[in-house]
Amino acid sequence: MCDELRELRRECAVQTEEKRLLLSRIEAEARERRPILALLDQLLGTSGADTVRGLSSGLPGAGSGRADEETFACPDGACDRVVHAVPAGPIPRCELTGLPLISR
């Protein structure tokens with residue numbers, strides 16, 4: 001969810017009040033580190049059982065060659081989001097809490 005949160009916010013902004021309130025609830029639950037999959041299923045009209053995870057980052061060794069210190073993750077391990085930052089750029093922040101991500 002964290003990787004797509006900005007887009008999800010944009011999409012819900014043009015949806016019904018019910019969808020906007022549900023997204024607000026999902027964000028609040030996620031900030032408190034409570035399970036949100038059922039709520040996401042409800043928001044998106046999907047089922048976690050139907051979700052298929054694809055190979056989005058390519059094969060190991062075939063990527064952009066970023067250094068370890070340029071890879072950042074969730075500050076408290078609540079999600080599996082990984083962000084590759086621009087070399088010597090700003091440290092990315094959690095979309096939910098605003099906390100800086102930690103170096104991996």
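Is Arg-10 exposed or buried in the predicted model? Arg-10 counts as exposed, because its relative accessibility is 54% and exposed residues are those over 50%. The side chain of Arg-10 meets that of Glu-7 in a salt bridge, with N and O 3.0 Å apart. Both residues belong to helix α1, which covers residues 5–13, and their spacing of three residues separates them by about one helical turn. Glu-7 has a relative accessible area of 41% and is therefore partly exposed.

The secondary structure of the protein consists of three helices and three strands. Along the sequence these elements follow the pattern α-α-α-β-β-β. Of the 104 residues in the protein, 26% are buried. Among contacts with a separation of 6 or more, 44% are between residues 24 or more positions apart.

Nine salt bridges were found in a search of the whole structure. Side chains of opposite charge can pair when their charged atoms come close. Besides the pair within helix α1, a salt bridge is formed by Arg-9 and Glu-95, whose closest N and O atoms are 3.8 Å apart. This pair links distant parts of the chain, since Arg-9 is in helix α1 and Glu-95 is in the loop between β2 and β3, 86 residues apart. Arg-9 is partly exposed at 30% relative accessibility, whereas Glu-95 is buried, with a relative accessible area of 16%. Arg-9 and Glu-95 also belong to a network of salt bridges that includes Arg-6, Glu-27 and Arg-31.

A further salt bridge joins the side chains of Arg-33 and Asp-76, with an N to O distance of 2.9 Å. This pair too links distant parts of the chain: Arg-33 is in the loop between α2 (17–31) and α3 (37–44), and Asp-76 is in the loop between β1 and β2, 43 residues apart. Both residues count as partly exposed, Arg-33 at 31% relative accessibility and Asp-76 at 48%.

The three strands form an open sheet in the order β2-β1-β3, with antiparallel pairing. Strands β2 (82–84) and β3 (102–103) are at the edges and have a single partner strand each, so one side of each is left without a neighbour in the sheet. In general, strands of a sheet pair through backbone hydrogen bonds, either parallel or antiparallel. Here, β1 and β2 run antiparallel and are joined by three bridges.

Thr-71 lies in strand β1, which spans residues 71–73. Across the pairing, Thr-71 stands opposite His-84 in β2. The side chains of Thr-71 and His-84 are also joined by a polar contact of 3.4 Å. Thr-71 has a relative accessible area of 9% and is therefore buried, the cut-off being under 20%. With residues up to four places away in sequence left out, Thr-71 touches Val-82, Val-83, His-84, Ile-102, Ser-103 and Arg-104.

Arg-81 is placed in the loop between β1 and β2. Its relative accessible area is 13%, so Arg-81 is buried. The side chain of Arg-81 makes a polar contact of 3.1 Å with the side chain of Asp-3. A polar atom of the Arg-81 side chain also lies 3.5 Å from the backbone oxygen of Arg-93. Not counting residues up to four places away in sequence, the residues touched by Arg-81 include Cys-2, Phe-72, Cys-94, Glu-95 and Leu-101.

In soluble globular proteins, nonpolar side chains tend to be buried together. The largest nonpolar core in this model has 18 residues, and those with the most contacts inside it are Ile-26, Leu-43 and Leu-96. Helices α1, α2 and α3 are the elements that give two or more residues to this core. The largest share, four residues, comes from α2. Residues of this core are given by both domain 1 (1–44) and domain 2 (69–103), so the core lies between the two domains. Apart from neighbours within four places in sequence, Leu-96 is in contact with Met-1, Cys-2, Leu-5, Glu-27, Ala-30, Arg-31 and Arg-33. Of these, Glu-27 and Arg-31 are members of the salt-bridge network, and Arg-33 is the partner of Asp-76.

Terms used:
Residues numbered from 1 in each chain as written. Predicted model: local features only at pLDDT ≥ 70, side-chain atom pairs only at ≥ 80, totals over all residues. Heavy atoms only, no water. Buried < 20%, exposed > 50% of the residue type's maximum accessible area, 1.4 Å probe, protein only. Polar contact = N/O pair within 3.5 Å; in protein donor to acceptor, adjacent residues only side chain to side chain. Contact = heavy atoms within 4.5 Å. Pairing = 2+ DSSP bridges. Salt bridge = Lys/Arg side-chain N within 4 Å of Asp/Glu carboxyl O. Core = buried A, V, L, I, M, F, W, Y, C linked by side-chain atoms within 4.5 Å. Domains from an automatic or database assignment.
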